Amino acid sequence: MATTATGGSLPGPEASGQGTVRTVLSGADIGRVLTRMAHQILEKTSGGAGVVLLGIPTRGVPLAHRLAARVRAVEGIELGVGSLDPTMHRDDLRLRAVRPLEVTDLPDGGIDGSTVILVDDVLYSGRTVRAALDALAEFGRPRVVQLAVLVDRGHRELPIRADYVGKNMPTSRQEVVAVRLVETDDRDAVMIVSEGAG
Amino acid sequence: MIRHLLSTEDLGRDDALLVLDTAEYMATVADRSVKKLPTLRGRTVVNLFFEDSTRTRTSFEVAAKRLSADVINFSARGSSVSKGESLKDTALTLEAMGADVVVCRHPASGAPRRLAGWVRGSVVNAGDGTHEHPTQALLDAFTIRRRLGRLDGLSVTIVGDILHSRVARSNMWLLSTLGAAVTVVAPPTLVPVGIERWPVTVSYDLDAVLPKSDVVIVLRVQRERMTAAFFPTEREYTRRYGLDADRLAAMPASALVMHPGPMVRGMEIASDVADSTRSTAVEQVANGVSVRMAVLYLLLGGTREVA
């Protein structure tokens, strides 16, 4: 389970043994970052008309809901929120143990003609986003697809970039970026775990 | 996840629930306009059927195709098997062709397990003799859970030819693993020897059991497997063990009637019962595709080394 291949959602740094753990974003930092991203989304989409936030499980989903809540607080409008599981479209399924499937849940209105913003916790190789783009095509044809990530850690393997970035975080491939959110874990934090480097 | 699916007797609760949860996802694919996922692109599924079966073979074929796998149908009739080839040689031939999964139906109990020892790929038991039919049990459990919302604590009655039924065996093991209480009802001649070692209650009186049943699974009387007279006449069987409208009325209002198919209307199930809204026969067919997609994904969706 604890592998660095996508560097995304790990159970937590404590699981990785004797590596050194460095907290990069605290809970308060994450809150401020999300508030800024919500404003950027409103700015770039001219007020958020026709925007659907689709979280990529696991931790992209609570992030999408948090962004929607901030938009509601700032502008008083209700964005569509849902989740999109890209697992069945991944190109690296054979490289690891079989993955359990997550929930795909699209807003009632569908996504045709809308501005879909994919939301994930960590952007690394870009392969998850590539799979999500394919999965998205099965449900309709959005007018625009954008990408919002809490952390961009670099090392892209595909020509994919994020439209909204919470924090750019230069890392080495040996490091693991661990995101924890209260919805799925015990607290809010983003940490870099260097295995065996300390 | 397990490497092969040979029986439900040795299928753990967690693995069984993983199949059912995965099947829930697969069921959503059937509602889309494009009913296809690229997940198993480049993988080969071989349907190796030594017994006639249209519905199970087609169901596996649809499931594999929805996941973009290549499907090869290999039936014993008109093939090298009818020329005297052994099961092992057939298996090695399929292996050489690069089969990733062999879906096997065979008249001999235990044939898929032998097969699993010979091939590198995964083996799915699609019914072996009078032993097991695990994907049928999984789709029955899936259907019950979708309709009634749970399996834990339910009373499930299986009525009919228990002796020859692999569906009964697989259901009995799986449903008791998942927390249901299983009762089997049959004429004494159609109850297997040694049934006291199974996790079931045995009854010979259907009318006594019906009012307490949340689900009744009606089995077909398998005349092709009957080599002796197990009951005097069909009419007597129908009168004592056939599910008709009166017996349906004696069941709780929410109780389900299930049948693995093919149904013999007028024999084990009356036509109006088979067509009632409480009968899940058609739903079971649709759910069969979802469950088989889940099984293929879980057997093939990951790496061989870790799985």
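Two residues are in contact if their C-beta atoms, placed from the backbone, lie within 7 Å. The model shown here is predicted: local features need pLDDT of at least 70, side-chain atom pairs count only at pLDDT 80 or more, and totals for chains, interfaces and linings use all residues. Residues are numbered from 1 along each chain as its sequence is written, while chains are lettered from A and ligands numbered from 1 in the order in which they are written.

**View 1. A38(A) and its contacts in chain A.**
A38(A) sits in helix 1 (residues 27–44) of chain A. Helices (H or I, at least four residues) and strands (E, at least two) are DSSP runs, numbered from the N terminus. Leaving aside neighbours within four places in sequence, A38(A) is in contact with L67(A), R70(A), V71(A) and V74(A). A38(A) is buried, with 25 other C-beta atoms within 10 Å. A residue is buried if 20 or more other C-beta atoms lie within 10 Å of its own, exposed if 12 or fewer, and partly exposed in between; these C-beta atoms, too, are placed from the backbone. Q174(A) is 136 residues from A38(A) in sequence, and their C-alpha atoms are 32 Å apart in space.

**View 2. Chain A as a whole.**
Chain A has three helices and eight strands. Along the sequence they run β-α-β-α-β-β-α-β-β-β-β. Of the 198 residues in chain A, 44% are buried. Among contacts in chain A with a separation of 6 or more, 71% come from residues 24 or more positions apart.

**View 3. The buried face of helix 3 of chain A.**
Helix 3 of chain A covers residues 127–137, and its buried residues are T128(A), V129(A), A131(A), A132(A), A135(A) and L136(A). Seen down the helix axis, they fall within an arc of 160°, so they line one face of the helix. The arc is that of the directions from the helix axis to the C-beta atoms. Strand 4 (115–123) and strand 5 (144–152) of chain A are included in what covers these residues.

**View 4. Two loops of chain A.**
P57(A) and T58(A) are joined by a cis peptide bond, with omega about 5°. T58(A) belongs to the loop between strand 2 (51–55) and helix 2 (60–75) of chain A. H155(A) lies in the loop between strand 5 and strand 6 (164–168) of chain A. H155(A) is not a glycine, yet its phi is positive, about 65°. H155(A) counts as partly exposed, with 15 C-beta neighbours inside 10 Å.

**View 5. Where chain A meets chain B.**
Here 13 residues of chain A are in contact with 16 residues of chain B. The chain A side has seven nonpolar, two polar and four charged residues. Ala, Val, Leu, Ile, Met, Phe, Trp, Tyr, Cys and Pro count as nonpolar, Asp, Glu, Lys and Arg as charged, and the others, Gly among them, as polar.

**View 6. Chain B as a whole.**
Chain B has eleven helices and nine strands. Its radius of gyration, taken over C-alpha atoms, is 19 Å, close to the 19 Å that the globule rule (2.2 Å times the number of residues to the power 0.38) gives for 307 residues, so chain B is as compact as a globular protein of that length. The C-alpha trace of chain B spans about 55 × 45 × 35 Å along its principal axes. Of the 307 residues, 48% count as buried.

**View 7. Helix 1 of chain B crossing helix 11 of chain B.**
The axes of helix 1 (residues 13–29) and helix 11 (residues 281–300) of chain B come within 8 Å and cross at roughly 115°. Axes are lines fitted to C-alpha atoms, for helices over the stretch in contact, and angles run from 0 to 180 degrees between N-to-C directions. Helix 1 of chain B contributes L18(B), V19(B), T22(B), A23(B), M26(B) and A27(B) to the contact. Helix 11 of chain B contributes S290(B), V291(B), M293(B), A294(B), V295(B), Y297(B) and L298(B). By class, this contact has eleven nonpolar, two polar and no charged residues.

Terms used: Left-handed = near helix turned anticlockwise from the far one by under 90°.
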